[in-house]
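Please open the model in your viewer and keep the selection tool at hand.

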Amino acid sequence: MCVVCFVKALVHVFKIYLTANYTYNFRSWPVDFRWDDVGARAGGSSHCALTCTAAAAGVWLLQDAALGGGAPGRPLHGSRSQLQCLLQQIRELPGQLASYALAHSLGRWLVYPGSMFLMTRALLPLLQQGQERLVERYHGRRAKLVARDGNEIDTMFMDRRQQPGSQGRGLRLVICCEGNAGFYEMGCLSAPLEAGYSVLGWNHPGFGGSTGEPFPRHDANAMDVVIKYALHRLRFPPAHVVIYGWSIGGFTATWATMTYPELGALVLDATFDDLVPLALKVMPQSWKGLVVRTVREHFNLNVAEQLCSYPGPVLLLRRTLDDVVSTSGPLRPLPSGDVEGNRGNELLLRLLQHRYPAVMAREGHAIVTRWLRAGSLAQEAAFYARYHVDDDWCLALLRSYRAHWEDKQGGRGVLGTARARLPVAGGPGPELA
């Protein structure tokens, strides 16, 4: 009897060891989907190709003006002789080398601390618990995807389509893009999961089981294969896919909707407009030139620019106590929780200026800016009283515009038009529907 019990216990321990080794040694997993698996092996898909030819050809990124010919210190093409251009390149070489060294050492750790080996090892027990919870409670299915650059992307899919719920939320897929220290095992995907949606989580390159390094192009390649996996293997219609980006995940989220404008909606939570102001806040002032150059050439996370390239519904969430995505003026630091320096304000302003240029003229821009700086319900009420804001009239006008836009688009709108929900300190705040 004791011998039988001992053998059973030994088998149990051996099984646990093999399971753990197989789970966390992700390289031993078979490949479930590749970035070019959109034809024969994806068979049966009702949407074999999307309209964006750039996405079909490969990853593309918007480039900031500082990277082009208009950058300070860079001559316009054809305006100087070849010798002058060569001398200019030689003069820029030390700066380029310093920028590369900063980006691939301290810069990468500051921008993506979750890719540090020590952090992953320290969080391994929590990641294991989170993964077990997703598998046991939500019947999650883990899959390995191979991106265009060869990186292996670790994903977890929770399918609710068999039991979509009373409002049919399970028929929609929310793809979650985590922050700079977030993993799908313990990240923002818990919010759509608890709300009843189908959810697809993935880890940035270099995070958890994913291989590679989390530079923008690698991140975009990872997002590209995740989108293709959702559409061609999981077979969700593009209009039923919602992209949810948390913090720095707003870059990949806006890249996805910019590249695949057929996607249903975009949610940006605690996201910034551009990385440069945030980088300058934490780095020495004497490093300004090097920091700007490093960000533009290696971490050009131009979220606002990409956001303006997406025509679909957008929901913005501003965290009032989030100091990470907040900046203050050089002369006076803002107190903790003050919303004036939140970069989500600039993100909303850029979107409104792009979509409603007539409304967001000089006076409109100034008024919206002052409204965004209201840090309490009392300040907000005083602002409304000053400008005689009629909420009912505003909502009726915006609803009529939404109905007109949906009729014009042939009913393509799934979640309505773009809106921005910006909760301020002390209350939920208004919405722009």
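With the whole protein chain selected, consider its contacts (heavy atoms within 4.5 Å): of those with a separation of 6 or more, 71% are accounted for by residues 24 or more positions apart. This is a predicted model, in which local features need pLDDT of at least 70 and side-chain atom pairs count only at pLDDT 80 or more, while totals for chains, interfaces and linings use all residues. Residues are numbered from 1 along each chain as its sequence is written, and side-chain values use heavy atoms, with hydrogens and water left out.

Colour next by secondary structure, where the chain has 14 helices and 10 strands, taken as DSSP runs (helices H or I, at least four residues; strands E, at least two) and numbered from the N terminus.

Now select residues 117-138, helix α4, which bends by about 55° at leucine 124, with proline 125 following within four residues; the bend is the angle between axes fitted to the seven residues ending there and the seven starting there. Just after α4, histidine 139 takes a positive phi of about 55°.

Move on to α6 (residues 216-233) and α7 (residues 250-259), whose axes, lines fitted to C-alpha atoms over the stretch in contact, come within 9 Å and cross at roughly 55°. That angle makes α6 oblique to α7, since oblique covers what is left after under 35 degrees (roughly parallel), over 145 (roughly antiparallel) and 65 to 115 (roughly perpendicular). To see the contact, show Pro216, Asp219, Ala220, Met223, Asp224 and Ile227 of α6 with Phe251, Thr252, Trp255 and Ala256 of α7.

Notes
Axes fitted to C-alpha atoms, helices over the stretch in contact; angles between N-to-C directions.
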